[in-house]
Amino acid sequence: METGTTVFHLEVGDGWIAVGGELDASTSAIVTAAIQATGGTEVTVDLRSVAFVDSSGLRALASEHRRLTQVDGVLRVIASPTVSRTIDLAGLTDVLSVTEA
């Protein structure tokens, strides 16, 4: 999928999604919908192929984490070192369950 000039890739499985490209204002709603479409309360979001995350993307992850924890669920994030650092700089390391890969 191409959103403007951003190349974006998304795969959805049973309890997981994999995102590639950029997680930003033009793609965050798609990622939110994909997390919800898994239908589970334990969801893993694979961001290893994400090159860039902005505040909209971080907000989407934090919001979905909040939604899932309200139903005793969990949102796990697998991130590249670059994305993991962005999450850390945003102060979300203590909020999101992040594994660096």
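Trainee: What makes Ala-101 a residue that touches Arg-48, Ile-78, Ala-79, Ser-80 and Pro-81?

Mentor: Contact means heavy atoms within 4.5 Å, and Ala-101 meets that cut-off with Arg-48, Ile-78, Ala-79, Ser-80 and Pro-81, residues up to four places away in sequence not being counted. Ala-101 and Pro-81 are 20 residues apart in sequence, yet their C-alpha atoms are 6.9 Å apart in space. This is a predicted model, in which local features need pLDDT of at least 70 and side-chain atom pairs count only at pLDDT 80 or more, while totals for chains, interfaces and linings use all residues. Residues are numbered from 1 along each chain as its sequence is written, and side-chain values use heavy atoms, with hydrogens and water left out.

Trainee: Why is strand S3 called largely enclosed by the rest of the structure?

Mentor: Buried means under 20% relative accessible area, with a 1.4 Å probe and protein chains only; six of the eight residues of S3 are buried, so S3 is largely enclosed.

Trainee: How do you know that S3 and S4 pair?

Mentor: Two strands pair if DSSP finds at least two bridges between them, and S3 and S4 have seven, in the parallel sense. Leu-23 stands opposite Val-53 in S4.

Trainee: What makes the β-α-β unit of S3, H1 and S4 right-handed?

Mentor: A crossover is right-handed if, with the strands pointing away from the viewer, the path from the first strand over the helix to the second runs clockwise, and the unit made by S3, H1 and S4 is assigned that hand.

Note on methods. Buried < 20%, exposed > 50% of the residue type's maximum accessible area, 1.4 Å probe, protein only. Helix = DSSP H or I, 4+ residues; strand = E, 2+ residues; numbered from the N terminus.
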